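Work through the exercises below with the sequence and the model open. Each task is followed by a solution in steps.

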Amino acid sequence: MIRLEPRPEPSQVMIYLSPVLAMALMLVVGMIVFTLLGQPPLKAFHAFFIEPINDWYGFGELLIKASPLALIALGLAVGFRANIWNIGAEGQLIMGAIAAGGVALWLQASTSIWILLPLMLVAGALGGMFWASIPALLRTRFNTSEILVSLMLVYVAQLVLSWLIHGPWRDPDGYGFPQSQMFETNALLPILIEGTRVHAGVLITLVALLVATVFFRWSLTAFQMRVSGLAPKAALYAGFKQKKMVWLGLLAGGAAAGLAGTVEVAGPIGQLLMPISPNYGFAAIIVAFVGRLHPLGIALASLLMALLYLGGESAQMQLALPAAVSGVFQGMLLFFLLATDVLIQFRLRWTHKSAVGVTP
């Protein structure tokens, strides 16, 4: 029989190998799921993972979906390293989009692109930080759970957006649809690659990846947050300020999510409507952990998650599969990652049944 045996110390190999095993298991089980749905596995695999990126346009779509996922995951990773669990990035994304959209609707008629877009980006980051500051304040003042508070605020943000696009910001020429006016050209991110929808938001994510790499590797603050996450008592003994870590962790996630919301409304969407994103804020949590809270890993994991989004859309069109198939793959990826992470602390041992003792 098989039993789990504790390792003397965590396996460094399995830390990086378990995401690969999780992806492999996701693919194997995914093929079984396709078979149960009456689809030829190879045809379904091609439609889900190959067809969406078989040309430059498809590759561009992969980049613009991976960009907000990586951006949000980088912000979340700052807090996650210190065991500060920001689960409400989706709400912070929405509030960032609202703040940036408000600036666009107010100033786009009289402001040039060189001023308007930076203002929108700053407003978006501040909007996300403001929404993240609520769980930070409640955690540091009243010791509330930032998990529950940040998660509940997602639904409040959705209601705020719904009120705005049904009410004061509703497009009078929108034939009654709940949406804002389309943004003018000076409020939209410029296209980088002709023939695709790849916009300057991808560059923002690349800059964020570089900044995060430098921060995580050489910053004293990042070291303090890491110690606070791994050994809270040692951090307190060393004089690290726990409240400061909470604020930094949550505000970093809020700023990144708010920027992602700005990139969405100033990029592919071009207006405020519901939904702003297909749950990028929640999917980015999976991206952060599959990427092992490391910028390079997050970049690769965001491409995989973006492919799952595109594959789900392709499967709907080519195989007539339900839209939920993309969420099924995301759930399997997280499930298998959690399962294989057990092997970081434990190893599998094969034992004969007769050799297994029974303790009274």
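**Exercise 1. Contacts of a loop residue**

Task: Find which residues V198 is in contact with, leaving aside its neighbours within four places in sequence, and decide whether V198 is buried or exposed.

Solution. The model is a predicted one.
Step 1: V198 is in contact with G60, L63, I64, P190, I191, L192 and I193, once neighbours within four places in sequence are set aside.
Step 2: V198 sits in the loop that runs between α6 (146-166) and α7 (201-218).
Step 3: The relative accessibility of V198 is 3%. The cut-off for buried is under 20%, so V198 counts as buried.
Step 4: V198 and P232 are 34 residues apart along the chain, and their C-alpha atoms are separated by 43 Å.

**Exercise 2. Overall build**

Task: State how many helices and strands the protein has, and compare its radius of gyration with that of a compact globule.

Solution. 
Step 1: There are 14 helices and two strands.
Step 2: For 360 residues, a compact globule would have a radius of gyration near 21 Å; the protein has 22 Å, so the value agrees.
Step 3: The C-alpha trace spans about 80 × 60 × 35 Å along the principal axes.
Step 4: Of the 360 residues, 49% are buried.
Step 5: Take the contacts between residues at least 6 apart in sequence: 78% of them join residues at least 24 apart.

**Exercise 3. Surface and charge**

Task: What share of the accessible surface belongs to carbon and sulfur atoms, and how far apart are the mean positions of the positive and negative charges?

Solution. 
Step 1: The accessible surface is about 18,000 Å², and carbon and sulfur atoms account for 70% of this area.
Step 2: The protein has 19 positive and 14 negative charges.
Step 3: The mean positions of these two sets of charges lie 20 Å apart.

**Exercise 4. Aromatic rings**

Task: How many aromatic pairs does the structure hold, and why is the pair of F80 and W85 called tilted?

Solution. 
Step 1: The structure holds 14 aromatic pairs.
Step 2: In the pair of F80 and W85, the ring centres are 5.1 Å apart and the planes stand at 35 degrees. Planes under 30 degrees apart count as stacked and those over 60 as edge-to-face, so this pair is tilted.
Step 3: F80 is buried at 3% relative accessibility, whereas W85 is partly exposed at 26%.
Step 4: Ring pairs also link F34, F45, F48, F49 and F329 into a cluster.

**Exercise 5. Backbone geometry in loops**

Task: Which peptide bond is cis at P275, and where do R292 and A320 lie?

Solution. 
Step 1: The peptide bond from M274 to P275 is cis, and its omega is near -5 degrees.
Step 2: R292 lies in the loop between α11 and α12. Although not a glycine, R292 has a positive phi of about 60 degrees.
Step 3: A320 lies in the loop between α12 and α13 (325-340). A320 is not a glycine either, and has a positive phi of about 55 degrees.
Step 4: The relative accessible area of A320 is 67%, so A320 is exposed.

**Exercise 6. Two ends of the sequence**

Task: How far apart are P10 and F346 in sequence and in space?

Solution. 
Step 1: P10 lies in the loop between β1 (2-6) and α1 (12-36).
Step 2: P10 and F346 are 336 residues apart in sequence, yet 7.9 Å apart from C-alpha to C-alpha.
Step 3: Not counting residues up to four places away, P10 touches I344 and Q345.
Step 4: P10 is partly exposed, at 36% relative accessibility.

Methods: Residues numbered from 1 in each chain as written. Predicted model: local features only at pLDDT ≥ 70, side-chain atom pairs only at ≥ 80, totals over all residues. Heavy atoms only, no water. Helix = DSSP H or I, 4+ residues; strand = E, 2+ residues; numbered from the N terminus. Rg over C-alpha atoms; globule rule 2.2 N^0.38 Å. Buried < 20%, exposed > 50% of the residue type's maximum accessible area, 1.4 Å probe, protein only. Contact = heavy atoms within 4.5 Å. Areas by Shrake-Rupley, 256 points an atom, 1.4 Å probe, with all protein chains shown as cover. Lys, Arg positive; Asp, Glu negative; His and termini not counted. Charge placed at Lys NZ, Arg CZ, Asp CG, Glu CD. Phe/Tyr/Trp six-rings, centres within 6.5 Å; stacked < 30°, edge-to-face > 60°.
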